[in-house]
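Q: Could you show me, step by step, how to read the surroundings of a helix in a model like this one?

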Amino acid sequence: MSVETVANAAPPKGKPKWLRVKLPTGKKYTELRGLVDKYKLNTICTSGSCPNMGECWGEGTATFMILGNICTRSCGFCGVKTGRPETIDWEEPEKVARSIKLMNIRHAVLTSVDRDDLKDMGSIIWAETVKAVRRMNPETTLETLIPDFQGVERNIDRIVEVSPEVVSHNMETVRRLTREVRIQAKYDRSLAVLKYLKDQGVRRTKSGIMLGLGETEEEVIETMKDLRDAQVDVVTIGQYLQPSKKHLPVKQFILPEQFDRLREAGLDMGFRHVESGALVRSSYKAHKHIH
C-alpha cells in the first residue's frame with residue numbers, strides 16, 4: 001500500500017497464500033453447524049461465508065443479521081442483495097434470542113441490512129431484538145453493528161437506550177473512495193454517528209475498514225485519526241475480497257507486514273484494540289472488545 005495511489009494498478013493475479021483459510025473443524029463448530037442447519041438460524045457467519053467462522057464459534061461468538069436479507073442500499077463491496085425488502089417480521093427479536101440460546105452463544109454480534117424504506121430505519125426492531133436477547137440470555141454480552149440510520153438521532157437513541165456492551169458502525173473505506181464503495185453513505189455522517197454514540201455515553205464504540213480498494217496507507221492513517229477524533233475505542237482492518245464479478249475488483253492484496261504496521265500505528269494513536277490482518281472481519285475476536 002504505497003504512498004502513491006494504486007487506483008490504476010493492474011489487478012492482482014490469484015489470492016496470496018496468507019489468504020488461504022483452513023476449513024472450520026472441531027466439536028463445538030460441528031454442533032453449532034448442526035443447530036444452524038436444523039433450525040434454519042440466520043447467522044451472517046454462514047450466509048457471508050466468513051473465513052473465521054470456526055474460530056469464532058469455537059469461542060462462543062456468532063453474528064446474526066436482522067431485518068431481512070435484502071438491503072435498500074447498493075454498496076459496491078457487499079454481497080447482500082439490493083432491492084425492495086420484505087415486510088418487517090415482528091417475531092424476529094424472539095427468533096434471534098432463541099437462536100442465541102440454542103447455540104449457547106456467550107457473545108452475540110447483531111447486524112442488519114439498511115432499511116431506508118422504513119420511517120424508523122429499522123431502529124425499533126433493533127431495540128426490541130436487544131431487549132429479547134437480554135431477557136432470554138441474561139449472561140450473553142452484545143455488540144450491535146448498526147447502519148447509519150441516516151444520521152437521525154432519534155433512531156440512534158433507541159440503540160443507546162438498550163445499552164449494548166459495544167456499539168459498532170463501519171467506515172468501510174477512506175474518505176476519497178466512500179462515494180464509489182458505499183454509494184448512499186457519507187464519510188462525515190458515519191463519523192458523526194460514531195461521535196454521537198460516544199457523546200451519549202456508549203462505553204465502547206468500534207469501526208471497521210477494508211483495504212485493497214485503491215486507498216493509500218496515508219489515507220488509511222487519516223481515517224484512523226478521524227476515528228480517534230470521534231473517540232472510537234476499537235478498529236478492525238481487513239482485506240477486501242470481491243464477493244462476485246459484479247462487485248468492485250480487488251486493486252491489491254495488502255501484505256501481512258503492512259497490516260502489522262497499521263496495528264502498531266493504531267495502538268500508538270490510543271485505540272484500545274486494533275485487529276489488523278488479511279482475514280480480519282468486523283466481528284473478529286469481538287468478545288475481546290468489551291474489555
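Q: Which residues of α6 are the buried ones?
A: Buried here means under 20% relative accessible area, and in α6 this applies to N155, I156, D157, R158, I159 and V160.

Q: At what angle do α5 and α6 pack, and how far apart are their axes?
A: Helix α5 (residues 123-136) and helix α6 (residues 153-161) pack at an angle of about 0°, and their axes are 9 Å apart. Because angles under 35 degrees count as roughly parallel, α5 is described as roughly parallel to α6.

Q: Which residues make that contact, and of what classes are they?
A: From α5 the contact takes S123, I124, W126 and A127, while α6 contributes N155, R158 and I159. Sorted by class, the contact of α5 with α6 has 4 nonpolar, 2 polar and 1 charged residues.

Q: What follows α6?
A: After α6 comes S163, a residue whose phi is positive, near 40°.

Q: Which residues does the record annotate as a domain?
A: The UniProt annotation "domain: Radical SAM core", from an unreviewed entry, covers residues 57-272. In the model this span is 38% helix and 17% strand, and its end C-alpha atoms lie 24 Å apart.

Q: Where should I be careful about confidence?
A: The protein averages a pLDDT of 89, with 94% of the residues scoring at least 70, but over residues 1-10 the pLDDT is below 50. Where pLDDT is low, predicted coordinates should not be read in detail.

Definitions and conventions. Residues numbered from 1 in each chain as written. Predicted model: local features only at pLDDT ≥ 70, side-chain atom pairs only at ≥ 80, totals over all residues. Heavy atoms only, no water. Axes fitted to C-alpha atoms, helices over the stretch in contact; angles between N-to-C directions. Helix = DSSP H or I, 4+ residues; strand = E, 2+ residues; numbered from the N terminus. Parallel < 35°, antiparallel > 145°, perpendicular 65-115°, else oblique. Contact = heavy atoms within 4.5 Å. Nonpolar A, V, L, I, M, F, W, Y, C, P; charged D, E, K, R; others polar. UniProt positions renumbered as here; feature names shortened; annotations may be inferred. pLDDT = per-residue confidence, 0-100. Buried < 20%, exposed > 50% of the residue type's maximum accessible area, 1.4 Å probe, protein only.
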